[in-house]
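Student: I'd like a close look at one part of this protein. Please take me slowly through its pockets and the helices that line them.

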Amino acid sequence: MNFVAWMIVACEIAFWVVIVLGLFTRYVLKQKKAGLFLLALTPVVDVVLLVVTSVDLYRGATATIPHALAAVYIGVSLAFGKSMIQWADEKFQQYVTKQGTAKPKLYGMEYAKNYAKSWFRHLFSYVIGAALLAGTIYFIDDAERTASLWHILQLWTVVLGIDLLITASYFLFPKKDKRDTVSKNDW
């Protein structure tokens, strides 16, 4: 595994460590401002990854899948970061501080609408990541050195399309609450 691949792993770990430390500081240590400060550091992790990847490519490295995944990671982190932190906050309150209640599961059109919101976040992360990939491809201006970036961009485009089809399927065939069905054993 090359340096950039290690940095992606390190940044993903750092992202969650900063979140857990922020929540721990906020709820267990009762230091809300310090906890908020730690949670606000999550974008710094993205900047570090962006700088490391950019410097590596600037120095002449051939773009690899880890370089492309850095752009994907940054896009996903920026688009889903707030909702991931909110999810972690809710789970931390439920399981660690024993406060708050679990959100009820969604079904039918409510589930479809919620999934559609998630798809739009996916689209937003795609736009960010694709812009970073396209910008890198343009900047390097060498098809051989950027082939991996193109491959990941093409694959992500397919994944985004599949996710759109799944989103549409929830509107056409709404998710049903399995608890409301009658089984053969109930007869």
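Tutor: Let's start with the word itself: a pocket is an open set of grid points with protein on both sides within 12 Å along at least five of seven lines. Its volume is the space filled by probe spheres set on those points. Keep in mind that this is a predicted model.

Now for the largest pocket, which has a volume of about 800 Å³. Its lining counts 21 residues, and Trp87, Glu90, Lys103, Leu106 and Asn114 are the ones nearest the centre. Two helices, H4 (65–95) and H5 (108–140), each contribute at least two lining residues. The largest share is from H5, with eight residues. Sort the lining by class and you get seven nonpolar, six polar and eight charged residues.

Next comes the second largest pocket, with about 200 Å³ of space. It is lined by 14 residues, and Leu50, Thr53, Ser54, Leu57 and Thr136 sit closest to its centre. Helix H3 (42–58), H4 and H5 each supply at least two of the lining residues, and H3 gives the most, with five. Look at the classes here: 10 nonpolar, four polar and no charged residues.

The structure holds eight aromatic pairs. One of them joins Tyr111 and Tyr115, with 6.3 Å from centre to centre and 35° between the planes, a tilted pair. Both residues are in H5, four residues apart, or about one turn of the helix. Tyr111 counts as buried because its relative accessibility is 18%, under the 20% cut-off. Tyr115, at 22%, is partly exposed. Ring pairs also bring in Tyr170, giving a cluster of Tyr111, Tyr115 and Tyr170.

Another pair is Tyr126 with Trp156: the ring centres are 5.3 Å apart and the planes stand at 75°, so this one is edge-to-face. This pair links distant parts of the chain, with Tyr126 in H5 and Trp156 in helix H6, 30 residues apart. Tyr126 is buried at 16% relative accessibility, and Trp156 is buried at 8%.

Thr167 is buried at 5% relative accessibility, and its side chain reaches the backbone oxygen of Asp163 at 2.8 Å. Leaving aside residues up to four places away in sequence, Thr167 touches Tyr115, Ala116 and Trp119.

Note on methods. Residues numbered from 1 in each chain as written. Predicted model: local features only at pLDDT ≥ 70, side-chain atom pairs only at ≥ 80, totals over all residues. Heavy atoms only, no water. 1 Å grid on protein atoms, 1.4 Å probe; cavity = no way out; pocket = protein on both sides within 12 Å on 5 of 7 lines; lining within 4 Å. Nonpolar A, V, L, I, M, F, W, Y, C, P; charged D, E, K, R; others polar. Buried < 20%, exposed > 50% of the residue type's maximum accessible area, 1.4 Å probe, protein only. Polar contact = N/O pair within 3.5 Å; in protein donor to acceptor, adjacent residues only side chain to side chain. Contact = heavy atoms within 4.5 Å. Phe/Tyr/Trp six-rings, centres within 6.5 Å; stacked < 30°, edge-to-face > 60°.
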